[in-house]
Amino acid sequence: MSTIVFIDTRGNKIPKAAQEAVTYASQLAGGPVTAVTFGDGKDLETLGANGAGKVIVARQVTTLDSQQLTRLVVDVATKEGATTIVCVSDATGKAVAPRVAARLKAGHVAGALGLPVDGKFLRNVFSGKAKAAVEVTSASRVISLMPNSVPIANTGGSAVVEEFQGDLGPVRIMLKEVRKAGTGIPLPEAELVVSAGRGMKGPEHWGPVEELATLLGAATACSRPVADMHWRPHHEHVGQTGVAIRPNLYIAIGISGAIQHLAGVNQSKVICVINKDPEAPFFKAADYGIVGDAFEVLPKLIEAAKKLNAER
Amino acid sequence: MKILVLLSQVPDTTARIAFTNNNTQYDGNGVTFIVNPYDEWYALVRALELKEAAGAGSVTTITVGGADTDATIRKGLAIGADDAVRVDAQPTEALQVAELIAAYATDKGFDLIIAGKETIDHNGGQVGAMVAELLDLPYVPMASKLEVAGGVATLERDIPGGVEVLNAPLPLVLSAAKGMAEQRIPNMRGIMAARTKPLTVVPATAVDNVGGTIRFELPPAKGAVKMIPAEEAGKLIELLHTEAKVI
């Protein structure tokens with residue numbers, strides 16, 4: 001009963017979600033696991049500190065070709081005799097994990113929130129308004145871990161890195177170009193998020209929102225009407241039909257908190273709401289609240305954040 | 001171009017979430033059911049736009065469920081789908097849904113199979129990818145743009161820090177995210193036409209049993225919100241540092 005973990009390590013730095021998944025897989029297995037990855041990832045041996053004994057990397061796969069990657073994962077699982085396959089519930093994992101599950105006729109836990117209790121995994125359903133306890137009864141199982149769910153283990157140690165040798169079939173998905181959208185922190189990975197809504201009255205007033213975010217090291221986000229009016233780019237829209245996030249801190253400025261917005265942010269660990277309407281529904285879901293005008297409150301927050309940064 | 005759109009029925013976005021039968025089933029009592037927004041606003045509307053632009057082809061929707069989903073399926077027909085298929089089954093897990101859809105689609109020659117990014121009830125986002133694997137087709141999840149020319153699809157998807165542009169050959173399976181199209185409100189003519197458009201019910205084929213949801217839980221009630229006077233707003237940053245310890 002061995003365990004493998006499939007992660008996306010492309011780029012200059014091993015993503016946090018990949019380290020979380022290796023940590024989680026190793027906890028699930030009760031020992032070192034084999035990590036499977038692809039592309040140009042660097043410093044792969046450092047995954048040993050998170051619990052990987054071995055890292056198998058398919059350097060020849062550079063784009064998110066889910067057929068090639070499924071063959072890769074299934075091939076390694078077969079060779080390693082693995083019956084548990086851990087993935088990350090992110091843009092890469094969502095292309096591969098369900099395919100692997102379908103190939104192996106395995107149950108798939110899409111977005112596990114932690115280790116199983118009595119053999120059942122918890123996951124969010126109804127856009128975070130409820131949780132489901134899921135049991136897998138098939139011989140193999142695929143577990144996709146929700147990012148920001150487990151602390152990363154760092155035990156020191158180094159993994160053996162092997163290059164994958166074998167045929168993964170033709171490349172069907174071609175990468176034409178990548179357009180960078182700013183240098184900000186990507187929302188799905190952000191631990192701190194500062195978000196603003198219609199209460200900001202216009203795109204020209206976003207300066208203080210961005211300043212507060214920068215001071216806190218947070219990503220910026222917005223509500224649906226703001227994205228629909230093109231005040232902010234669509235990829236910043238959080239909510240039921242936009243990005244669902246679960247940061248440690250979510251600060252919402254001038255957002256009333258419609259149920260569809262809450263569905264995308266209600267998994268945040270701490271929620272702060274700033275709204276001039278004391279009846280705004282968002283206050284019911286908040287940990288901290290300030291009833292006040294955004295244009296008066298924001299400068300005070302910025303000043304306090306500067307003071308905090310100077311002290312630490 | 002022949003397009004298949006996966007269409008699910010879900011509780012309305014504002015519906016109360018409660019469970020019954022010892023927390024093993026969603027309590028749909030008094031709840032309005034709708035077409036899953038990702039399926040309707042993005043997958044179906046983009047499929048219709050592609051057909052309209054080409055001036056040829058067909059858009060078929062497929063739903064797995066009982067007769068209670070027929071009204072929701074008619075909504076898809078009212079928006080403009082040519083015909084609809086319902087696989088008459090009560091699946092308990094995503095793989096079963098995918099197996100039933102793949103069994104139907106396997107010999108129909110669809111050029112595109114489009115799912116919504118996820119359903120707003122189960123939030124799994126798995127069925128499209130599973131259908132692709134079962135039919136041995138390429139799959140692109142969470143596309144925010146889709147164009148088709150000369151048998152090749154060009155797609156955009158949001159990735160951390162930007163947008164990637166991909167090319168993929170047809171036939172192709174994809175899931176549709178925000179940005180792909182704008183919601184269409186069905187007009188009276190569409191609603192009248194939907195009554196007579198074909199809704200074919202096909203029997204269920206064999207599926208695998210791999211487990212599933214054992215029970216649901218509602219989150220514990222949120223503790224009271226701590227209010228900070230606006231004139232002392234700076235105190236919020238202090239509390240986030242010393243009390244909540246998140247910054």
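Helices (H or I, at least four residues) and strands (E, at least two) are DSSP runs, numbered from the N terminus. On that basis chain A holds seven helices and 15 strands. With a radius of gyration of 21 Å, close to the 20 Å that the globule rule gives for 312 residues, chain A is as compact as a globular protein of that length. That radius is taken over C-alpha atoms, and the rule is 2.2 Å times the number of residues to the power 0.38.

This is a predicted model: local features need pLDDT of at least 70, side-chain atom pairs count only at pLDDT 80 or more, and totals for chains, interfaces and linings use all residues. Residues are numbered from 1 along each chain as its sequence is written, while chains are lettered from A and ligands numbered from 1 in the order in which they are written.

**Confidence**

The predictor gives the complex an ipTM of 0.94 and a pTM of 0.91. Its per-residue confidence is pLDDT, from 0 to 100. Chain B has a mean pLDDT of 95, and 100% of its residues reach 70 or more.

**Chain A overall**

Along the principal axes, the C-alpha atoms of chain A fill a box of roughly 60 × 40 × 40 Å. Of its 312 residues, 56% count as buried. Buried requires 20 or more other C-beta atoms within 10 Å of the residue's own; exposed is 12 or fewer, partly exposed is in between, and C-beta atoms are placed from the backbone. A contact puts two such C-beta atoms within 7 Å. Among contacts in chain A between residues at least 6 apart in sequence, 64% join residues at least 24 apart.

Domain bounds come from an automatic or database domain assignment. For chain A this gives domain 1 (2-163) and domain 2 (187-311). Their centres, taken over C-alpha atoms, are separated by 31 Å. Nine residues of domain 1 of chain A are in contact with eight residues of domain 2 of chain A.

**Contact surfaces**

Between the chains, 76 residues of chain A are in contact with 67 residues of chain B. Helix H7 (residues 294-311) of chain A gives the most to the chain A side, with eight residues. The table sorts two contact sides by class.

Six bridges join strand S10 (residues 174-180) of chain A to strand S11 (residues 162-169) of chain B, and the two run antiparallel. Val178(A) has Glu164(B) as its bridge partner in S11(B).

**Strand S6 of chain A**

Five of the five residues of strand S6 (residues 121-125) of chain A are buried, so the strand is largely enclosed by the rest of the structure. Phe121(A), Arg123(A) and Val125(A) point one way; Leu122(A) and Asn124(A) point the other way. In a regular strand the side chains alternate between the two faces of the sheet. Five bridges join S6(A) to the antiparallel strand S7 (residues 130-136) of chain A. One bridge partner pair is Val125(A) and Ala130(A). The hairpin has four residues between the strands, and Phe126(A) takes a positive phi near 50 degrees.

**Ala78 of chain B**

Ala78(B) lies in helix H2 (residues 70-79) of chain B. It counts as buried, with 21 C-beta neighbours inside 10 Å. Not counting residues up to four places away in sequence, Ala78(B) touches Pro186(B), Gly190(B), Ile191(B) and Ala194(B). Ala78(B) and Asn187(B) are 109 residues apart in sequence, yet 7.6 Å apart in space, C-alpha to C-alpha.

Definitions and conventions. pLDDT = per-residue confidence, 0-100. Pairing = 2+ DSSP bridges.
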